[in-house]
2 protein chains.
Amino acid sequence: MVAEVRAGVSVLGGSSAGGSAAGGEPGSGSRRGHDDDNAALWRVLRTRRDHRHFLPTPVPDETVARLLDAFAVAPSVGLSQPWHVTVVRDRAVRESVHAGFRQVRAAEADRFTGERRTLYDSLRLEGILQAPVGLVVSHLPPGGPVLGTTSMPAASEYSVVSAITLLWLAATAEGLGMGWVSLVDPAHLSGAVPLPPGARPMAYLCLGHPALDLNEPLLQSVGWGRRRPLAVDWM
Amino acid sequence: MVAEVRAGVSVLGGSSAGGSAAGGEPGSGSRRGHDDDNAALWRVLRTRRDHRHFLPTPVPDETVARLLDAFAVAPSVGLSQPWHVTVVRDRAVRESVHAGFRQVRAAEADRFTGERRTLYDSLRLEGILQAPVGLVVSHLPPGGPVLGTTSMPAASEYSVVSAITLLWLAATAEGLGMGWVSLVDPAHLSGAVPLPPGARPMAYLCLGHPALDLNEPLLQSVGWGRRRPLAVDWM
């Protein structure tokens, strides 16, 4: 099987491609030998939170630009990189986004009743006006067919989600907090922020210095839900 | 503004919530002081690749289970955790998945013409039969309304993508390789793998020891595409 794999390499003609020395004990990190990186990654994964409380401490453009390097290393289907980012500091724009959020929140509240509704109404669900930086991340469909999207066209949007997830981790590792506000209407966001033709907003992200240390998901702390064991089937 | 934020905390009633000591220089990692974690994270982000070439070296169940802990720390809209995982080692099942892949690949090939088609036909796009472990990751919609999904229902599927992305990084940090095969038909996957009612496959992931050291995306090495600078607007 290895011979078959190696044979495939010449077909691909990759300049950097070459057989690796992998093959040690699984989990030993034999390929790169970065056990410390593994531990560090898990510290970042475990401390990442969906923040909605921010300090007014500024976040410089250089920091934002550095975090956005996450897009440069993000996976994308067919290497299509189907994304666009708008960095929003402007107060008036954030107020418009916040107004849109309030409308969606009011509509969503009606989906819950009784004690659940009471709890919902008490929740803090965004930090649009508090966070010094907002990020509108949009899906920007490439022209022409994209490798890998024929049976799952949504893989294009999924690429944007992967990039946002890496950005989230990068912010966490810098000691910053990020929050993904999904209670925004893409059409409203498109009106609040000038976007390239064809771009569709997928997320409004709040970025700043977190005002709270959260040792678990905020929605768990407040009793909205609990983390459950993963459902896994083995076959 | 800080007072306002702190006032919000009592409303939330979070047991673990408390003001942080954050407020130092942005990017200094003042909140957690883990500059080393930041560097380690970026090493993992920069070395993550979409692998399609695998060694036959086994990957034990314990390793798979450890990597799947990524789901336990993944973000999900409204803490809904709308996911299900099937770990596939069975050869017959993988052959069925591979047969489905071949059909989709043949259909996709027709979307490209000329030199592009020739190059497409030469590409290795999956490692379904080579990788010792396959993972079918499905979206499992929760019953009832989910907080945060009213204006962007797809946020539920996006949660699954975020979890897959974390899993990808965890595999990378262990020296393993993962490949996301999007050229699979969800309906075909549902037929190949028993799934809970309502579950819809979103990804077939190949997991194993990578046979190639890839210093850049494989699709860039073979000339299919190139990484571009991120399009960012600042306002």
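**Exercise 1. A strand pair across the chains**

Which residue in S5(B) is the bridge partner of Thr86(A)?

*Solution.* Start with the ground rules. This is a predicted model, in which local features need pLDDT of at least 70, side-chain atom pairs count only at pLDDT 80 or more, and totals for chains, interfaces and linings use all residues. Residues are numbered from 1 along each chain as its sequence is written, while chains are lettered from A and ligands numbered from 1 in the order in which they are written.

Step 1. Find the elements. Helices (H or I, at least four residues) and strands (E, at least two) are DSSP runs, numbered from the N terminus.

Step 2. Find the pairing. Two strands pair if DSSP finds at least two bridges between them. S1(A) and strand S5 (residues 232-234) of chain B are joined by three bridges and run parallel.

Step 3. Read off the partner. Thr86(A) is bridged to Asp233(B) in S5(B).

**Exercise 2. Overview of chain A**

State how many helices and strands chain A has, and in what pattern they follow.

*Solution.* Step 1. Count: chain A has eight helices and five strands.

Step 1. Follow the sequence. The pattern is α-α-α-β-α-α-β-α-β-α-β-α-β.

Step 2. Check burial. A residue is buried if 20 or more other C-beta atoms lie within 10 Å of its own, exposed if 12 or fewer, and partly exposed in between; C-beta atoms are placed from the backbone. Of the 235 residues in chain A, 49% are buried.

Step 3. Look at one helix residue. Ala106(A) lies in helix H4 of chain A. Ala106(A) counts as exposed, because it has 11 C-beta neighbours inside 10 Å. Its C-alpha atom is separated by 38 Å from that of Leu41(A), 65 residues apart along the chain.

**Exercise 3. How the copies are related**

Describe the rotation and shift that superpose chain A on chain B.

*Solution.* Step 1. Recall the idea. Two copies of a chain are related by a rotation about an axis and a shift along it.

Step 1. Take the values. A rotation of 180° with 0.0 Å of shift along its axis superposes chain A on chain B, at RMSD 0.0 Å.

Step 2. Name the relation. It is that of a two-fold axis.

Step 3. Turn to the interface. Two residues are in contact if their C-beta atoms, placed from the backbone, lie within 7 Å. Chain A has 118 residues in contact with 117 residues of chain B. The side of chain A that touches chain B divides into 62 nonpolar, 37 polar and 19 charged residues. Here Ala, Val, Leu, Ile, Met, Phe, Trp, Tyr, Cys and Pro count as nonpolar, Asp, Glu, Lys and Arg as charged, and the others, Gly among them, as polar.

Step 4. Compare the two sides. The copies meet through the same surface, because 99% of the interface residues of chain A are also interface residues in chain B.

**Exercise 4. Two helices that meet**

Find the angle at which H2(A) and H2(B) pack, and classify it.

*Solution.* Step 1. Take the values. H2(A) and helix H2 (residues 35-47) of chain B pack at about 105°, with their axes 8 Å apart. Axes are lines fitted to C-alpha atoms, for helices over the stretch in contact, and angles run from 0 to 180 degrees between N-to-C directions.

Step 1. Classify. Angles under 35 degrees count as roughly parallel, over 145 as roughly antiparallel, 65 to 115 as roughly perpendicular and the rest as oblique. H2(A) and H2(B) are therefore roughly perpendicular.

Step 2. List the contact. H2(A) contributes residues including Asp36(A), Leu41(A) and Arg43(A), and H2(B) residues including Asp36(B), Leu41(B) and Arg43(B). By class, the contact has six nonpolar, no polar and six charged residues.

**Exercise 5. A shared sheet**

Give the strand order of the open sheet of five strands, then examine S3(B).

*Solution.* Step 1. Order: S5(A)-S1(B)-S2(B)-S4(B)-S3(B), with mixed pairing. Strand S5 (232-234) of chain A and strand S3 (177-181) of chain B stand at the edges, each with a single partner strand, so one side of each is left without a neighbour in the sheet. The twist averages 20° from one strand to the next.

Step 1. Pairing: five bridges join S3(B) to strand S4 (residues 200-208) of chain B, and the two run antiparallel. Gly177(B) has Gly208(B) as its bridge partner. Trp180(B) stands opposite Leu205(B).

Step 2. Faces: Gly177(B), Gly179(B) and Val181(B) point one way from S3(B), Met178(B) and Trp180(B) the other way, and all are buried.

Technical notes: Least-squares fit on C-alpha atoms with pLDDT ≥ 70 in both.
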